[in-house]
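Subject: Structure handover and notes

Hello,

Please find the structure below. My notes on it come after.

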Amino acid sequence: MIGQERAADGTAVLLKLSGELDINARDDLRDVVQAALDEGIADIVVDLGGVTFLDSEALGGLIDGYNAAQARTVGYRVVNARGLVERVLSVSGALDLFGA
């Protein structure tokens, strides 16, 4: 599940992810990030605090979002990774990439 909160001035978006993120989440995540970029958002923060599982496809979706944001010089951070999710990000090297 992906919830969204926007800054009052409309320049930033917080994407709050929850549950188990697997192959089914990749397209949804890409679509939400792309929509935010198309709206001219200057900063995207992805909150993984509610995520209990993250597979390689969902990780790929996070990396796709990072690459899309970088291509438009938009800030992109991943925060609140815990437990197994943090371990997946760490082992893959994505923890450093995202600044999580």
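This is a predicted model: local features need pLDDT of at least 70, side-chain atom pairs count only at pLDDT 80 or more; totals for chains, interfaces and linings use all residues.

Numbering runs from 1 along each chain as its sequence is written, and side-chain values use heavy atoms, with hydrogens and water left out.

Helix 2

Helices (H or I, at least four residues) and strands (E, at least two) are DSSP runs, numbered from the N terminus. Helix 2 has 16 residues, 56–71, and its end C-alpha atoms are 22 Å apart, which agrees with the 22 Å it should span at 1.5 Å a residue. The expected span is 1.5 Å times one less than the number of residues.

Buried means under 20% relative accessible area, exposed over 50%, and partly exposed in between (1.4 Å probe, protein chains only). The buried residues of helix 2 are Ala58, Leu59, Gly60, Gly61, Leu62, Gly65, Tyr66 and Ala69. They pack against several elements, including strand 2 (12–21), helix 1 (23–38) and strand 3 (43–54). Just after the helix, Thr73 has a positive phi of about 50 degrees.

Asp55

Asp55 sits in the loop between strand 3 and helix 2. A side-chain oxygen of Asp55 comes to within 3.0 Å of the backbone nitrogen of Glu57, and the backbone nitrogen of Ala58 lies 2.9 Å from a polar atom of the Asp55 side chain. Asp55 is buried but has no salt bridge, and Arg26, the nearest side chain of opposite charge, is 7.9 Å away. Here a salt bridge is a side-chain nitrogen of Lys or Arg within 4 Å of a carboxyl oxygen of Asp or Glu.

Core

A nonpolar core is a set of buried Ala, Val, Leu, Ile, Met, Phe, Trp, Tyr and Cys residues joined through side-chain atoms within 4.5 Å. The largest one has 30 residues, and those with the most contacts inside it are Ile44, Val46, Leu48, Leu62, Tyr76, Leu89 and Phe98. Helix 1 gives the largest share, 6 residues.

Leaving aside neighbours within four places in sequence, the contacts of Tyr76 (heavy atoms within 4.5 Å) include Val33, Ile44, Leu62, Tyr66 and Phe98.

Asp27

Asp27 belongs to helix 1 and is partly exposed, at 40% relative accessible area. From Asp27 to Glu86 is 59 residues in sequence and 21 Å in space, C-alpha to C-alpha.

Regards

Definitions and conventions. A polar contact is a pair of N or O atoms within 3.5 Å; within protein, one must be able to donate a hydrogen and the other to accept it, and residues adjacent in sequence count only if both atoms are side-chain atoms. Lys and Arg count as positive and Asp and Glu as negative; His and the chain ends are not counted.
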